[in-house]
Amino acid sequence: MTGTGAPPFAVISGAQVRGALRGRERQITELVEDTYRLHGAGDSVNPPSYFLRFPDRPSARIIALPASIGGKLRVDGLKWISSFPENVAAGIPRASAVLILNDHDTGYPFACLESSIISATRTAASAAVAADWLSRGRPRPARVGFFGTGLIARYIHMFLAGTGWSFDEIGVHDLSAGHAAGFRGYLEKAGPGRITVYEDAEQLIRSSDLVVFATVAGEPHVSDPSWFEHRPVVLHVSLRDLAPEILLASVNLVDDVEHCLKASTSPHLAEQLTGSRDFLAGTLDDVMAGRVTVPADRTVVFSPFGLGVLDLAVGKYVYDEVTRSGELRVIDDFFHELRRYSS
Ligand SMILES: NC(=O)c1ccc[n+]([C@@H]2O[C@H](COP(=O)([O-])OP(=O)(O)OC[C@H]3O[C@@H](n4cnc5c(N)ncnc54)[C@H](O)[C@@H]3O)[C@@H](O)[C@H]2O)c1
């Protein structure tokens, strides 16, 4: 945004977001990787997320993720994302969100984007980046297992497939047989790979070299380290599934240490149990920069807290694509009181 005066304000719908991101798995994965590097180099501001919770609706929350990003993107903003798990039974997605983009020079908000798709996209892209980097140096996983089969699991599968992964075996496990069947139906249409629905969580993990946790568990429900004796790569996207004992027996990587060691995530529980952060090997950026080497003969667990800078980067990408296509819908006169002493 350049020039003088207040920038125009645009609203970007979910359909436009989807259109701008469809088929762009490789570009978005590269963008997310670049953003991790930028964040690792300190060219970002990413304060702690703020969790709004409600005494009368204990399972629900709305999270504010403010962030600022430098580099070529130079944009500030806020993701405001609700999680209401009971929505799923009512037939609508658990999460809903908007992303506000603020102009670097004036601070003016210049766009409001539907952001559940942006959020799922950046989460899935970060999982694909992690799967790639953390499995280098070991045989590329040919058996993937999805533990929890909602929207995030579907996006992660889409991003793995869209960035060149193919699997001989795809395992599926969910507390809800209906959700597992729905995900199976998606997988059957999505491409090759023998699909097995496991009622038994242990069997799913033992049958997978790449394990994706995408449940809504609030506290650990997997606690036996022997389930991981085949040393899989674990993408612990839902953050609270694994008991500290599993983490303590594994190589642990996060996206951002300060972010991840809070809000009763499994890494936070491991820190509380041991009184130290020694169980952490580092961040994904440390791995990408060569500061941390991932041993091939250990279980590796990546626990990404989810950074607002990723939402900003993907949101700005969408904004630029929609602008380029000529489809940007500007709200005329959104900012009204623009003269200091009136006219
Ligand atoms: N780390 C990040 O950056 C990030 C970003 C977005 C979402 N998430 C997390 O991803 C998770 C999944 O999100 P979603 O939108 O797909 O949710 P969703 O509600 O659509 O799906 C979750 C699925 O997990 C299943 N499930 C719940 N508890 C389970 C258990 N103990 N064992 C097996 N299955 C279980 C549910 O039946 C459901 O099918 C959420 O926890 C969300 O907070 C993380």
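Two residues are said to be in contact when they have heavy atoms within 4.5 Å. The views below show a predicted model, in which local features need pLDDT of at least 70 and side-chain atom pairs count only at pLDDT 80 or more, while totals for chains, interfaces and linings use all residues. Residues are numbered from 1 along each chain as its sequence is written, and side-chain values use heavy atoms, with hydrogens and water left out.

View 1. A111 is found in strand β7, which covers residues 109–114; helices (H or I, at least four residues) and strands (E, at least two) are DSSP runs, numbered from the N terminus. Because its relative accessible area is 0%, A111 is buried, where buried means under 20% relative accessible area, exposed over 50%, and partly exposed in between, with a 1.4 Å probe and protein chains only. If residues up to four places away in sequence are not counted, A111 touches F9, A10, L99, I100, L101 and Y319. D43, by contrast, lies 68 residues from A111 along the chain, and the C-alpha atoms of the two are separated by 22 Å.

**View 2. Strand β12 and its two parallel partners.** In β12 (233–236), V233 and L235 point one way while V234 and H236 point the other way, and all of them are buried. Strand β11, made of residues 210–213, pairs with β12 in the parallel sense over four bridges; two strands pair if DSSP finds at least two bridges between them. Within this pairing, V212 has L235 of β12 as its bridge partner. β12 also pairs with β15 in the parallel sense, over three bridges, and here the bridge partner of L235 is F302.

**View 3. Strand β13 between covered faces.** Strand β13 (residues 251–254) has both faces covered, with V251 and L253 on one side and N252 and V254 on the other, all buried. Four bridges join β13 to β15, and these strands run parallel; L253 stands opposite F302 in this pair. Strand β14 (residues 280–283) is likewise parallel to β13, to which three bridges join it, and in β14 the partner of L253 is G282.

**View 4. Helix α9 and the elements it packs against.** Helix α9 runs over residues 266–274, and in it S266, P267, H268, A270 and E271 are buried. These buried residues pack against β12 (233–236), α7 (244–248), α8 (257–260) and β15 (300–303). After α9 comes G275, whose phi is positive, near 70°.

**View 5. The shell around the ligand.**

**View 6. Polar atoms facing the ligand.** An oxygen atom of the ligand is 2.6 Å from an N or O atom in the side chain of H179, and a backbone N or O atom of L151 lies 3.1 Å from an oxygen atom of the ligand. A nitrogen atom of the ligand is 3.0 Å from a polar backbone atom of V237. Taken alone, the ligand exposes 870 Å², and the protein buries 87% of that; such accessible areas come from the Shrake-Rupley method with a 1.4 Å probe, and for residues only the protein chains shown count as cover.

**View 7. Two loop residues with positive phi.** L239, in the loop between β12 and α7, has a positive phi of about 70° although it is not a glycine. L239 counts as buried because its relative accessibility is 7%. A263, placed in the loop between α8 and α9, is also a residue other than glycine with a positive phi, near 60°. A263 counts as partly exposed because its relative accessibility is 24%.

**View 8. E33 in helix α2.** E33 is found in helix α2, residues 25–40, and counts as buried because its relative accessibility is 17%. Leaving aside neighbours within four places in sequence, E33 is in contact with V129, W133 and M288.

Definitions and conventions
Polar contact = N/O pair within 3.5 Å; in protein donor to acceptor, adjacent residues only side chain to side chain.
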